[in-house]
Amino acid sequence: MLDRAGVGDDTIDIETLLEEIRHEAETLRQRAGASRVGSNLDPAELLRKLADAGPARPAHSGSLDHDQAIARMRDNADPQSTALGSHRKVFASPILLAKRILRRLLSPFLEQQARFNGANLDALVDLGRRLDVLEQSLAHQRTRPADGPEPRD
Amino acid sequence: MTQPRPVAIVLPSLVPGDATGNDALGMAEVTAAAGHETQIFAGRIAAGLPADPIAAALDWIERRSALVVYHLASGWAAGRALLERTRSPIIVRDHNITPSRFFLGVSEEFLAATQAGEADRRHLAVNCHVRCFIACSPFSAGELQSLGADPARLRIAAPLHPLDQLETAAPDPRRLRLWAEDPADALFVGRFAPNKGHLRLLRVAARHRELFGEALRLRIVGRQDPRLHRWQALVRQECRRLDLDSSVDFTGEVDLPLLKAAYLTSRLFLCCSEHEGFCLPLIEASTLGLAAVALDHGAIGSTLGPGALVLPATADDDEIAVALHRTLRDARLRDALLAAQRAHARQHFSRALVAEEILKALAEAGETGG
């Protein structure tokens, strides 16, 4: 397929290659149907999306999102706290009994998992705090007057 | 034989790993080796780097009737003041300025900084005390000319960049092993800014999946400035929306060993940037063995050269995805593209050539009056 672009002899006819690429893209797109990816955002759409993307201030690890995520994870950190139930009407009682027995049999492992999850979350919170300090120190350094934004590429 | 005229190299900020700083340091080596007494002056100087504060520049320059090489990389009040007060010949080293329109709605701070940079560039282009402009690319030279700079005073020389440091650096062994197990199809290196085409990279990856049924694994390297947080949030949002979280790796800023590992464990370099004054990562990619697929914006075409796979700026996302797919599948095509990129870089951007251009510019500026 690439022969016409002359790759075989180590020299490339770039114009031919570009033409082949255009043609192949058209053919493949016809086969694949309309794209769901979207195309280049127009400036107004871009500005709207930027506004939706949140405040101009960095959302560091102490942000609401991060705190909420930690709280959700902590709520689910202990596997033993899972409420047991059954959606079956007839066999609900024996199934619940079996689940309770299983949970009791597995309790040493579940406790270990709960301890592991708790330690992981503590480490995550600690990392978040350390990241806050680093980001604040970095922001402070970078906002010094002699170190403004880089306007060149 | 007359003693070469002293040279003062002036720039806003001299910090490690910065393209303007690297160019200034390289230029100082070139002028010193040619016998010019040379001194760098900067507004901000990182510890250990050989420069004096800008406040000391005027006295040093006037005492020696030195040539002033002014690195234009941003709007800078102290630099402007120096250029207004000196009677010595001025040479402007133009590093290009990212157009301010890219920062509209993204960051007030960056918007103001780029507007200040654009204003300085406009004024310098028509400043009759400037003897010579050394643009970093034909694209930058064209922009200066359109701002009113006299074409007879325009020279072009690529930025000096310590490529040898990257070539000889040992890649980070841990990251090299991890990344080698899961190599990236395409790599992009560049700071996280709205002109760098990150949204386009993501769309191309998603289009690639639509056309070829497989996600493109992207590795995106570059500093994420907290002040461009809104932009970064938008990119992350798009990444989630396009369901690319598992195939796109944002590494953030990396040091030299990590950068080397990133290049060595990627198959192609993909550049969808919408504005580049030169684009040094394209040269790094060529040096470390990566063929590039890029869009013809700014200086990208002239940096990669005529034998490289530079798609027209008007190419759509499907065309970029197809170009990537073909290049990834065809080792002979990759080799031929890489050979063309390397030959172009050797022919136009070798340190000796750049040094020669700089010294010619200094000689001409020193001779024409002053």
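Glu19(A) and Arg22(A) form a salt bridge, with the closest N and O atoms 2.8 Å apart. The model is predicted. The two residues sit three places apart in helix 1 (residues 14–32) of chain A, so about one helical turn separates them. Side chains of opposite charge can pair when their charged atoms come close. Over all chains, the structure holds 30 salt bridges.

**Two domains in chain B**

The domains touch: 18 residues of domain 1 of chain B contact 17 residues of domain 2 of chain B. About 1400 Å² is buried between them. Carbon and sulfur atoms give 67% of that area.

Arg227(B) pairs with Glu109(B) in a salt bridge, and their closest N and O atoms are 2.9 Å apart. Four residue pairs are in polar contact across the interface of the two domains.

Now the side of domain 1 of chain B that touches domain 2 of chain B. Helix 4 (108–125) and helix 5 (138–146) of chain B each supply at least two of its residues. Helix 5 of chain B gives the largest share, four residues. By class, this side has ten nonpolar, six polar and two charged residues.

| Salt bridge | Closest N and O atoms |
|---|---|
| Glu19(A) with Arg22(A) | 2.8 Å |
| Arg227(B) with Glu109(B) | 2.9 Å |

**Confidence**

For the complex, the predictor gives an ipTM of 0.90 and a pTM of 0.80. Chain B has a mean pLDDT of 94, and 99% of its residues reach 70 or more. Chain A averages 75, with 67% of its residues scoring at least 70.

Where in chain A is confidence highest, and where lowest? Helix 1 of chain A is highest, at a mean of 96. Helix 3 (residues 64–75) of chain A is lowest, at 66. Over residues 58–64 of chain A the pLDDT is below 50, and this stretch has 14 contacts in the model beyond near neighbours in sequence. Residues 143–147 of chain A also stay under 50. For them the model has nine contacts beyond four places in sequence. Where pLDDT is low, the predicted coordinates should not be read in detail.

Note on methods
Residues are numbered from 1 along each chain as its sequence is written. Chains are lettered from A and ligands numbered from 1 in the order in which they are written. This is a predicted model: local features need pLDDT of at least 70, side-chain atom pairs count only at pLDDT 80 or more; totals for chains, interfaces and linings use all residues. Side-chain values use heavy atoms; hydrogens and water are left out. Contact means heavy atoms within 4.5 Å. Buried area is the accessible area (1.4 Å probe) that two parts lose on being put together, summed over both. A salt bridge is a side-chain nitrogen of Lys or Arg within 4 Å of a carboxyl oxygen of Asp or Glu. A polar contact is a pair of N or O atoms within 3.5 Å; within protein, one must be able to donate a hydrogen and the other to accept it, and residues adjacent in sequence count only if both atoms are side-chain atoms. Ala, Val, Leu, Ile, Met, Phe, Trp, Tyr, Cys and Pro count as nonpolar, Asp, Glu, Lys and Arg as charged, and the others, Gly among them, as polar. pLDDT is the predictor's confidence in each residue, from 0 to 100.
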